[in-house]
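Q: Hi! I've got a model open and would like to talk it through with you. Can you help me read it?

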Amino acid sequence: MSFCFNFDLQTESANGFQTEPKDGKEDAVSQHRVEKKQAVFVKEAKEHPLPSDPQLLLTDVVCETVTIGALPPLHFLNETVFEKTVSEREDEEKILTRSAEQRSDLISGVYEGGLKVWECTYDLLEVMERDGETFGGKTVLDLGCGAGLLGILSLKRGAKRVDFQDYNSTVIEQLTMPNVILNCHDDDDDDDEDSEDESGAKGRGSPSKTEPETKRKALDPSQHPLLSKCHFFSGDWETFLPLVLEKDPSPQYNIIFTSETIYNTDYYPALHMILQKLLASEGVIYLATKSHYFGVGGGLHLFKVFVEEKGVFSVDHLWDGEEGLQRHVVVLRFKK
């Protein structure tokens, strides 16, 4: 699938944010447009329980693996195969067919790109490998998770709890959940390989990658040590925040990952509020992004301007790519 953006852009001021009339008042037409946009595009957040038989999510899947340095291998559904089997998947939102028909990876308010593993995710994984971030006993949020590779890394490295959030419920149910389950199987396989059978030989518990995935043993989501640590959410950020805050106790995340989520300046207020309300006092936010998202309007400079105006977080660069369209990994912390 070729990649393009499909956004209806608002009028922007010099700093990239939506302009308002000089007298501070909106005419009736403008107000109606704002209300109509909100009514159409706000997707109510909800939590997704794992199915009673998670194994069914892996029927006939084809996966691939990314291995970066000393990081554990991370498995995820093959994107090309996923696209070719669109008609066979449950998708109440119809984002699979609509993105294929429009040949677009972003349809504002409808589909926010979660079916693709974007470049900056790999950048952030490489920074994690380089800097040796530890996850043991920590609570992690993978915000705008898509395939969920960052959250899965946290899970495999000993996080106490990992929450996955994406705008689209189809992404959560058809991509994120299967990927998590694939990697839970991998964790079981590692245990099997380290155990000896009666003859003293090392056991290899997993089938080869070419065998049907349905041969894998069933997972009980309530009992599996990794699956029991996971929670899955979909929906608009504005409704995701109150949903999480209703939890007793509401989570305070030691680490928040977010990759390629600042492409649209309209989303900055809701994103900043989530980061401010859900980050633990000594927590860190890892943000991976491109310098600029052409055709959409967002990017690192505009987001830094927004953050600086709020005065809540400091922003420090961890990595800056120099080739092609520049990419960056930055870390946000509460100002002292």
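Q: Which strands does helix α5 lie across?
A: Helix α5 (residues 149–156) lies across β6, β7, β8 (230–234) and β9 (253–259). The helix runs at about 175° to β7; axes here are lines fitted to C-alpha atoms, for helices over the stretch in contact, and angles run from 0 to 180 degrees between N-to-C directions. Helices (H or I, at least four residues) and strands (E, at least two) are DSSP runs, numbered from the N terminus.

Q: And what does helix α9 touch?
A: Helix α9 (residues 300–310) packs on the sheet and touches β10 (279–290), β11 and β12 (327–334). Its direction makes about 160° with that of β11. Contact means heavy atoms within 4.5 Å.

Q: Before we go on, what kind of model is this?
A: It is a predicted model, where local features need pLDDT of at least 70, side-chain atom pairs count only at pLDDT 80 or more, and totals for chains, interfaces and linings use all residues. Residues are numbered from 1 along each chain as its sequence is written, and side-chain values use heavy atoms, with hydrogens and water left out.

Q: What's the mean pLDDT of the chain?
A: The mean is 80, and 76% of the residues reach 70 or more; pLDDT is the predictor's confidence in each residue, from 0 to 100. Over residues 1–40 the pLDDT is below 50, and this stretch has 61 contacts in the model beyond near neighbours in sequence. Residues 191–216 also stay under 50, with 32 contacts beyond four places in sequence.

Q: Back to the sheet: what's the strand order?
A: The order is β2-β8-β7-β6-β9-β10-β12-β11, an open sheet of 8 strands with mixed pairing. Two strands pair if DSSP finds at least two bridges between them. At the edges are β2 (46–47) and β11 (313–320), each pairing on one side only.

Q: Which way do β6 and β7 run, parallel or antiparallel?
A: Parallel: 5 bridges join β6 (residues 139–143) to β7 (residues 161–166). Thr 139 stands opposite Arg 161 in β7.

Q: What about the neighbours of β8, how are they joined to β8?
A: β7 and β8 run parallel with 5 bridges, and Asp 163 has His 231 in β8 as its bridge partner. β2 and β8 run antiparallel with 2 bridges, and Lys 46 stands opposite Ser 234.

Q: How about Phe 313 and Phe 334, what are their numbers?
A: They form a stacked pair, 4.9 Å centre to centre with 25° between the planes. Phe 313 is buried at 2% relative accessible area, whereas Phe 334 is partly exposed at 22%.

Notes
Rings of Phe, Tyr and Trp (its six-membered ring) pair if their centres lie within 6.5 Å; planes under 30 degrees apart count as stacked, over 60 as edge-to-face and the rest as tilted. Buried means under 20% relative accessible area, exposed over 50%, partly exposed in between (1.4 Å probe, protein chains only).
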